[in-house]
Amino acid sequence: MADRVPQPLCQFGPIGAALLIDTGTLNRQASRAPGPLCHDARQADERQLQQALAALQSQAELFAWRYITDAHARQAYVQRIAESSRQLLEDVRLGRLSAEEAARIANGARNVIMDEVRAITSAIGRAGAEATKASGLTLDMALDKAVKKLFPGKTLAELGTAQKRQVFAEVIEASGRSSPRFTSQVPKWSRFGKGLAVVTVAISVYTIWQAQNKLRQGVKEGATLAGGALGGAAATASAGLVCGPGAPVCVTVLFVVGGIAGALLADKAAEQLLSQRDVVAWLGE
Amino acid sequence: MSDVSAPSANDAAKDPAGHPIHHPVDDGHAPSPARREAWLALSELFLDTALDAADIAAIARRLRATGLPAGALQQLYQHEVAPVCWRNLQAVPGGAWAGFEPAWLVNAVQQHLARPPLLHAWKPLQHWRVTRWTARTRDDWLRVKALLV
């Protein structure tokens, strides 16, 4: 075999600061980690870009889920308070409850429903709700407000029986009303969330479709999205502990950071797993 | 400290650049009764409820009773009440619906006045913020305003 002309076998690293890999025993460079000998710096950059895009994609997935969840929560809340108010008015009409008793129940019932529905809202939505720290009015304050609205210049004590019934009915009806301008946003949230989810899935499908090894890419996409979801869920679970109540900005940051960290860790883990000799063989590479 | 209990032209004052002039005498101190009542009345625009004609009329009556001029009330609505109450109409599944707790509201407005948001003197940003804060209550405010004249 003819001797080769003395020259470096190859080089790696950025131009100008590249490490030359030579044959023979004169090479005093530290051994590299196992991997392709002539690994290009550009490949590392591309890998980082792919990871960033995967993290972004998992964030889009998390926000899609958040919008869908909150739209559902608001819809459920509006329906339940309206139903509760209707039921109480019906009970008063049928004589099952006195108007005063029903007004007292109505004043508390809406807050109970709010607490129940909050359990199914997203962490960001919940933090926003807590941030207002707006405790409800007492029954006396609610009655006073209703009197001012219906009979300006009078007090509850000055009203006759029929007028008092009107005031109690107003409190009960008010407990079933919600802001139409707020509720009108719900279909938009729902559409936005679903649209975002569709785009996220479409990007994943396209990435898998374009990949040389579709099985490998499919596993990676799945792991990244699942990791992002788990990271977001972990961040949500720890939101109360880390941010305290009513801190929507902190919860949003935690949600984003948790989702990105989860996605990146899952991507890294998937990469490690898919580099195992047995897995590589199973993938047919 | 000057007396702020009586409504004055200063309530609607703006600086030469058109920015609303806050009331430093109120910052950290008890607001005048008229001002406090106006905050409470205006905050009702931000409740998670549907305001019918009687509600709007009741708010207008309370505001008229304060004696504050319409320009001053507009400033209070946009720059003092809206910044602290607007989130109530973003809260999921819903925010306060019957009324804001008065002590909380007064404290929140005073804190906002004492520590205005970042870059609040920058007019475009302030304009954007006010637009955002009042997006879901502007129509109702216009209904109230129509009854003030």
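This is a predicted model: local features need pLDDT of at least 70, side-chain atom pairs count only at pLDDT 80 or more; totals for chains, interfaces and linings use all residues.
**Chain B, overall**

I began with the secondary structure of chain B and found 6 helices and 0 strands, so listed because only DSSP runs were taken as elements. Read from the N terminus, the elements of chain B follow the order α-α-α-α-α-α. I then looked up burial, and 40% of the 149 residues of chain B count as buried. For the contacts within chain B I took those between residues at least 6 apart in sequence, and 83% of them join residues at least 24 apart.

**The helix pair α3(B) and α4(B)**

Two packed helices are described by the angle between their axes and by the distance between those axes. For α3(B) and α4(B) I noted an angle of about 115°, with the axes 9 Å apart. That angle makes α3(B) roughly perpendicular to α4(B), because the class of roughly perpendicular runs from 65 to 115 degrees. I also recorded that the crossing in which α3(B) passes α4(B) is right-handed.

Next I looked up which residues meet in this pair: α3(B) brings E80(B), V81(B), P83(B) and V84(B), while α4(B) brings A108(B), V109(B), H112(B) and L113(B). Sorted by class, the contact of α3(B) with α4(B) holds 6 nonpolar, 1 polar and 1 charged residues.

**Where chain B touches chain A**

Turning to the two chains together, I found 24 residues of chain B in contact with 33 residues of chain A. On the side of chain B that touches chain A, α2(B) gives the most, with 4 residues. I divided the residues of that side by class into 12 nonpolar, 6 polar and 6 charged.

**The nonpolar cores**

The largest nonpolar core has 61 residues, and those that touch the most other members are A102(A), V171(A) and V81(B). I checked which helices each supply at least two residues of this core, and they come from both chains: from chain A, α1 (41–93), α2 (99–118), α4 (139–150) and α5 (161–174), and from chain B, α1 (33–43), α2 (53–66), α3 (70–85) and α4 (102–114).

Last, I noted a second, separate core of 15 residues, which includes L62(A), A71(A), A127(A) and A239(A).

Methods. Residues are numbered from 1 along each chain as its sequence is written. Chains are lettered from A and ligands numbered from 1 in the order in which they are written. A nonpolar core is a set of buried Ala, Val, Leu, Ile, Met, Phe, Trp, Tyr and Cys residues joined through C-beta atoms within 7 Å. A residue is buried if 20 or more other C-beta atoms lie within 10 Å of its own, exposed if 12 or fewer, and partly exposed in between; C-beta atoms are placed from the backbone. Axes are lines fitted to C-alpha atoms, for helices over the stretch in contact, and angles run from 0 to 180 degrees between N-to-C directions. Angles under 35 degrees count as roughly parallel, over 145 as roughly antiparallel, 65 to 115 as roughly perpendicular and the rest as oblique. A crossing is left-handed if the near helix is turned anticlockwise from the far one by less than a right angle, and right-handed if clockwise. Two residues are in contact if their C-beta atoms, placed from the backbone, lie within 7 Å. Ala, Val, Leu, Ile, Met, Phe, Trp, Tyr, Cys and Pro count as nonpolar, Asp, Glu, Lys and Arg as charged, and the others, Gly among them, as polar.
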